[in-house]
Amino acid sequence: FGEAGAKVIHHHMKDGTFDDCLPGRITHAIFGFCDIRDFTPLTEVLQGDVVQLVNGVAKHVHQAVVDNHGAANKNIGDAF
């Protein structure tokens with residue numbers, strides 16, 4: 001559920017039971033998504049070294065999110 005989901009679940013599970021009748025709240029958010037263009041042919045060329053590339057891109061993307069007071073939620077292959 002990520003960082004935001006954990007807060008929601010924690011809020012709804014007071015006293016060890018889940019209360020699905022608690023009112024919700026409006027949250028203003030910005031969601032970003034990016035992926036590595038032409039990732040499949042890139043993996044064929046880099047092979048095992050593709051992990052270093054993905055980790056390097058993730059480092060920069062996650063730092064940009066943190067620098068702007070955000071929280072990175074998940075990485076899925078070549079998508080961030």
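**Entry 1: ground rules.** A helix here is a DSSP run of H or I with at least four residues, and helices are numbered from the N terminus. I also remind myself that this is a predicted model.

**Entry 2: helix H3.** I started with H3, which runs over residues 50-67. How far apart should the ends of its 18 residues be? At 1.5 Å a residue, H3 should span 26 Å, and its end C-alpha atoms are 26 Å apart, so the two agree.

Next I asked which residues of H3 are buried. I found Val 50, Val 54 and Ala 58 buried in this helix. They cover an arc of only 60° around the axis, which puts them on the same side of H3.

What covers the buried residues? Helix H2 (39-46) is included in that cover.

**Entry 3: His 62.** I stayed in H3 and picked His 62, which lies in this helix. Buried, exposed or in between? I get a relative accessible area of 27% for His 62; buried would need under 20% and exposed over 50%, so His 62 is partly exposed.

Leaving out residues up to four places away in sequence, I see His 62 touching Ala 72 and Asn 75. I also checked His 62 against Lys 7: the two are 55 residues apart in sequence, and their C-alpha atoms are 20 Å apart in space.

**Entry 4: positive phi.** I went looking for positive phi values. Just after H3, I noted His 69 with a positive phi of about 65°.

In the loop between H1 and H2 I came to Asp 38. Its phi is near 55°, positive in a residue other than glycine. Asp 38 counts as exposed because its relative accessibility is 57%, and the cut-off for exposed is over 50%.

Gln 47 went on the list as well: it is not a glycine, yet has a positive phi of about 50°. I place Gln 47 in the loop between H2 and H3. Gln 47 is exposed, with a relative accessible area of 57%.

**Entry 5: Ala 79.** I moved on to the segment after H3, where Ala 79 lies. Is Ala 79 buried or exposed? Its relative accessible area is 12%; buried means under 20%, so Ala 79 is buried.

Which residues is Ala 79 in contact with, leaving aside neighbours within four places in sequence? I found Phe 33, Cys 34, Asp 35 and Lys 74. I also looked at Ala 79 and Val 61: they are 18 residues apart in sequence and 10 Å apart in space, C-alpha to C-alpha.

**Entry 6: a patch on the surface.** Last, I looked for nonpolar side chains on the outside. Ile 9, Met 13 and Phe 18 form a nonpolar patch on the surface. Together they have about 270 Å² of accessible area.

Where does Ile 9 sit? It lies in helix H1, residues 2-12.

Key
Residues are numbered from 1 along each chain as its sequence is written. This is a predicted model: local features need pLDDT of at least 70, side-chain atom pairs count only at pLDDT 80 or more; totals for chains, interfaces and linings use all residues. Side-chain values use heavy atoms; hydrogens and water are left out. Patches are made of residues with over 30% relative accessible area and no salt bridge: like charges are joined within 9 Å, nonpolar side chains (Val, Leu, Ile, Met, Phe, Trp, Tyr) within 5 Å. Accessible areas come from the Shrake-Rupley method with a 1.4 Å probe; for residues, only the protein chains shown count as cover. A salt bridge is a side-chain nitrogen of Lys or Arg within 4 Å of a carboxyl oxygen of Asp or Glu. Helices (H or I, at least four residues) and strands (E, at least two) are DSSP runs, numbered from the N terminus. The expected span of a helix is 1.5 Å times one less than its number of residues. Buried means under 20% relative accessible area, exposed over 50%, partly exposed in between (1.4 Å probe, protein chains only). The arc is that of the directions from the helix axis to the C-beta atoms. Contact means heavy atoms within 4.5 Å.
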